[in-house]
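These are my notebook entries on a structure that I had not examined before. I set down what I looked up, entry by entry.

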Amino acid sequence: MDWADLIGRVASGGDREAFKRLFEHFAPRIKGLMLKAGCNAEEAEEIAQSTMIAVWRKAHQFDPATAGAAAWIFTIARNLRIDLFRRRMRADRLETGLELPDAPDQAEPADILISRGQDAARIASAIQQLSAEQSLVVRLSFIEERPHPEIARALGIPLGTVKSRIRLAMNRLRDILDEEA
């Protein structure tokens, strides 16, 4: 199934049959992923439906040159989950009356915080030098902390390809960081 083509048909003409196919394939997978990510059944269902509504409304924004269809859809779902968790945390803080501290946590010395920030900037810069495919799998694996089989499903590529891209990306990152040191 060419998911990008279906999204294109939704974008160009509001093709309901194409959207139905997208919904039937992705909605249950999104719901399952959200359950694994810590949502309850109601939240997972809500995110799955909101994601598919966003696919319908934002289909014209999908660019197959920058990401696969599955990655684009699962990214929408991930962002909705993050929004949900942030709303939940705000609500919890309001209910408990917990206030934010006036001063930053002084548990770590400033030089360690600065060094950590510089390391993060170097790594982010190095990731930008990777190919788009390698950068995507690194972000999904290490930043979003998705398991490799889930990445393979989301991108529609074999598990071995995911592992190979990550291995090659890590070798390339090591070379880039060594050159800068």
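**Entry 1: Phe26 and the cores**

I began with Phe26, which, leaving aside its neighbours within four places in sequence, is in contact with Trp3, Met52, Ala70, Ile73 and Phe74 (contact means heavy atoms within 4.5 Å). The model is predicted: local features need pLDDT of at least 70, side-chain atom pairs count only at pLDDT 80 or more, and totals for chains, interfaces and linings use all residues. Residues are numbered from 1 along each chain as its sequence is written, and side-chain values use heavy atoms, with hydrogens and water left out.

I then looked up the largest nonpolar core, which has 30 residues; Leu22, Phe26 and Ile30 touch the most other members. A nonpolar core is a set of buried Ala, Val, Leu, Ile, Met, Phe, Trp, Tyr and Cys residues joined through side-chain atoms within 4.5 Å. At least two residues of this core come from each of α1 (3-13), α2, α3 and α4 (69-96); helices are DSSP runs (H or I, at least four residues) numbered from the N terminus. I also noted a second, separate core of 10 residues, including Val137 and Leu155.

**Entry 2: Ser141**

Is Ser141 buried or exposed? I found Ser141 in helix α6 (residues 132-143). Ser141 counts as buried because its relative accessibility is 10%, and buried means under 20% relative accessible area (1.4 Å probe, protein chains only). Leaving aside neighbours within four places in sequence, Ser141 is in contact with Arg146, His148, Ile151 and Ile166.

Methods:
Buried means under 20% relative accessible area, exposed over 50%, partly exposed in between (1.4 Å probe, protein chains only).
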